[in-house]
Amino acid sequence: MAFFNITSPHQQTKRRTPEIMQLVILALVPGILVHSYLFGSAIFVQIVLAIFTALIAESVFLKLRKRPILNSLKDYSAVVTAILLAISIPSLAPWWIIVIGTLFAILIVKNLYGGLGQNIFNPAMAGYVVLLISFPVQMTAWLPIQSMQAFPVSFHDILSLIFTGFSIDGYTVTQIKTSIDGYSIATPLETIRNAIHSGSTISETLKTTLFSSDSLQGSQWVNLAFLAGGLFLLKKRIILWYIPVSFIAAITIFSFIAFASDPDLYSSPLYHLFSGATMLGAFFILTDPVTASTTVKGRIIYGSLCALLVIIIRNVGGYPDAVAFAVLLANMCVPLIDYYTKPKAYGRKRT
């Protein structure tokens, strides 16, 4: 019988950064495909623009720092950041939206802090928040599912809308995002928030034509697809269960407390779990190994803190979704969380 010594953390399966990033991209594919099936192929245009911008920006910065370019680009970290940002914005947003967001994420958030492994904020979410605050009109132009769109949109229309703001027939994005019933479509979370602010109750809003039809159910299917991709990452042990499970469990608990206190004012836990960027955040954003907590207890606290912030912002904040804001706020707390949750070495007193 042979014994093999392995250095801590005693993980025999070793994966390099490029392999990890490639598996993350693969896990994102189901969500992207479902999104494109329901809302159109514009998401692929945004992804291509984001990846192209990210690679160019990263190359220029590495050249200025006199660092090897090809080896850094081959780790796919810039590509993952670009894809996460591209699938977080409206698919018909102008081309300069994704370019500005990607440049900020890659140049400012990632490389100015020293590159991969040195940034304290999640680059994709930082870029998203900058875009949402700076360009709120363009960042809220969400489409209804294709079957509910008043005007059919071809791929040539998509390219024209993204690069010129008008379709081939002269329709604007505002006209395109109008449903066949004449309603201007918003995301489910935004629809609920606007209804509450106008004096309607949750039950009244859910009985409207928009919710009784399939027009606002697309995000639920997209969330299910990202959940499937997240389970794939868990199975491959690319991520550990502490953060996603604590995040999902805490969202369920906190949203249930709010819902139980006033069901006419606050949405149910199931609605929170499968709306917005909940599943994308749980498995692909919060689990960023660079900006998340590194201890076991810290990861559970980090996931729970993000969930608490998400529920607070969704229920009483000014923005319909809150994953990006919650992640950035929790990123600030990570050093403190890690300090108070670091394990004590055997035989030594913690100082």
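The axes of helix α4 (residues 77-86) and helix α5 (residues 95-111) come within 10 Å of each other and cross at roughly 140 degrees, where an axis is a line fitted to C-alpha atoms, for helices over the stretch in contact, and angles run from 0 to 180 degrees between N-to-C directions. The two helices α4 and α5 are therefore oblique to each other, since angles under 35 degrees count as roughly parallel, over 145 as roughly antiparallel, 65 to 115 as roughly perpendicular and the rest as oblique. In this crossing α4 passes α5 in a right-handed way; a crossing is right-handed if the near helix is turned clockwise from the far one by less than a right angle, and left-handed if anticlockwise. Helices here are DSSP runs (H or I, at least four residues), numbered from the N terminus.

This is a predicted model, in which local features need pLDDT of at least 70 and side-chain atom pairs count only at pLDDT 80 or more, while totals for chains, interfaces and linings use all residues. Residues are numbered from 1 along each chain as its sequence is written, and side-chain values use heavy atoms, with hydrogens and water left out.

Staying with helix α4, the reader can find Ala 82 there, and this residue is buried, with a relative accessible area of 1% (buried means under 20%, exposed over 50%, and partly exposed in between, with a 1.4 Å probe and protein chains only). The C-alpha atoms of Ala 82 and Ala 124 are separated by 7.0 Å, although the two residues are 42 residues apart along the chain.

Side chains of opposite charge can pair when their charged atoms come close. A search of the whole structure finds one salt bridge, a term for a side-chain nitrogen of Lys or Arg within 4 Å of a carboxyl oxygen of Asp or Glu. The side chains that meet in this way are those of Glu 58 and Lys 110, at 3.0 Å from N to O. Glu 58 lies in helix α2 and Lys 110 in helix α5, so the pair ties together parts that are 52 residues apart in sequence, and both residues are buried.

Helix α2 (residues 42-64) also holds Phe 44, which counts as partly exposed at 35% relative accessibility. Together with Leu 26, Val 29 and Leu 33, Phe 44 makes a nonpolar surface patch of about 330 Å²; such patches are made of residues with over 30% relative accessible area and no salt bridge, with nonpolar side chains (Val, Leu, Ile, Met, Phe, Trp, Tyr) joined within 5 Å and like charges within 9 Å. Helix α1 (residues 17-39) gives the most to this patch, with three residues.

In the loop between α2 and α3 (69-73) lies Lys 66, a residue other than glycine whose phi has a positive value, near 60 degrees. Lys 66 is exposed, with a relative accessible area of 76%. Arg 237, in the loop between α12 (218-235) and α13 (242-261), likewise has a positive phi near 60 degrees and is exposed, at 57%.

Within helix α12 lies Leu 231, which counts as partly exposed at 48% relative accessibility. Finally, Ala 277 sits in the loop between α14 (269-273) and α15 (278-285) and is buried, with a relative accessible area of 19%.

Terms used. Areas by Shrake-Rupley, 256 points an atom, 1.4 Å probe, with all protein chains shown as cover.
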